[in-house]
Amino acid sequence: MKPYGLPNRINAELCAKILESPKLLNYIYYTDKENQYDDLFELTPPKSSEILDKFLFIGRRPPIFIKEVGAYVSIRVNRYEPLPTNKSTKLIKWVEINIDVICHIDCQKTTRGTRDITIVTLLQEVLENECLTGIADNTEIVSTTQILGLPVEYDGYQLKIKVTGFNQGLYNETD
C-alpha cells in the first residue's frame, strides 16, 4: 500500500530512513541502565517491530513518555503548503516536518555523550544527503531547538526539516 499525499509519503520515507540506520535504532532502543557503558554503535540493532509505536511514532506525539524511562522519537507534519515561488503551485508543495526527540534523564548518559543530542546528530546525518520525494536535494534542515515545558525528568530537542516535492496529483491511482 502506498501512502497518499506528499506529507504521508515524506513521513513514510523518514520512518524508512530511520529504520535503515542501525546506530540510530540502537540509541532509541537500548536505554536500560545495563547498557549505559556499552558502545551502542556496536550492539545488534533491534527489529523494526520492536521500535515502531513503542519508541518511534509517526504522525503523533509519544503517548507514554511522561511515565516511562526511555528515548522517544516522533515525526509529525507541522505545515504543508504550495511552493510560493513556483507558478505551478498545483504540482510542487513543501512540507515542514517536526521530529521530536525526548529522553528520560535516567538514560541520558552514554559513552558517546548525551543520548538526546546523539540521536539528533544521527538524525541530521541520515537526512543531510537524502532525497525523500524523488527530486534532487530537497531536504533542508531548518533548525534544532530545545523542547521547553517537559517534566524535569525529561529533556529533548525538536528538529525541523523542510521537504519540497511533487503533489500527489502527478501520480496515477494505479501507481
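**Before you start.** The model is predicted: local features need pLDDT of at least 70, side-chain atom pairs count only at pLDDT 80 or more, and totals for chains, interfaces and linings use all residues. Residues are numbered from 1 along each chain as its sequence is written, and side-chain values use heavy atoms, leaving out hydrogens and water.

**Colour by pLDDT.** This is the predictor's confidence in each residue, from 0 to 100. The protein chain has a mean of 84, and 83% of its residues reach 70 or more. Now select residues 170–175. Their pLDDT is below 50. Beyond near neighbours in sequence, this stretch has six contacts (heavy atoms within 4.5 Å) in the model.

**Show the sheet.** Helices (H or I, at least four residues) and strands (E, at least two) are DSSP runs, numbered from the N terminus. Five strands form an open, mixed sheet in the order 1-2-3-7-6. Two strands pair if DSSP finds at least two bridges between them. Select 56–58 and 139–146: these are strand 1 and strand 6, the edge strands, each pairing on one side only. From one strand to the next, the twist averages 20°.

**Zoom to strands 3 and 7.** Select residues 92–104 and 154–166. These two strands are antiparallel, with 13 bridges. Pick N98, then look across to strand 7: the bridge partner is K160.

**Select helix 1, residues 6–19.** This helix lies across strand 1, strand 2 (71–82), strand 3 and strand 7. Helix 1 runs at about 150° to strand 2; axes are lines fitted to C-alpha atoms, for helices over the stretch in contact, and angles run from 0 to 180 degrees between N-to-C directions. Buried here (under 20% relative accessible area, 1.4 Å probe, protein chains only) are L6, P7, R9, I10, N11, L14, C15 and I18. They pack against helix 2, strand 1, strand 2, strand 3, helix 3 and strand 7.

**Finish in the core.** A nonpolar core is a set of buried Ala, Val, Leu, Ile, Met, Phe, Trp, Tyr and Cys residues joined through side-chain atoms within 4.5 Å. The largest one has 33 residues, and I99 and I119 touch the most other members. Select helix 3 (115–128). Helix 3 gives the largest share of this core, six residues. Last, centre on I99. Not counting residues up to four places away in sequence, I99 touches V73, S74, I75, L123, L127, Y157, Q158, L159 and I161.

How values were computed:
Buried < 20%, exposed > 50% of the residue type's maximum accessible area, 1.4 Å probe, protein only.
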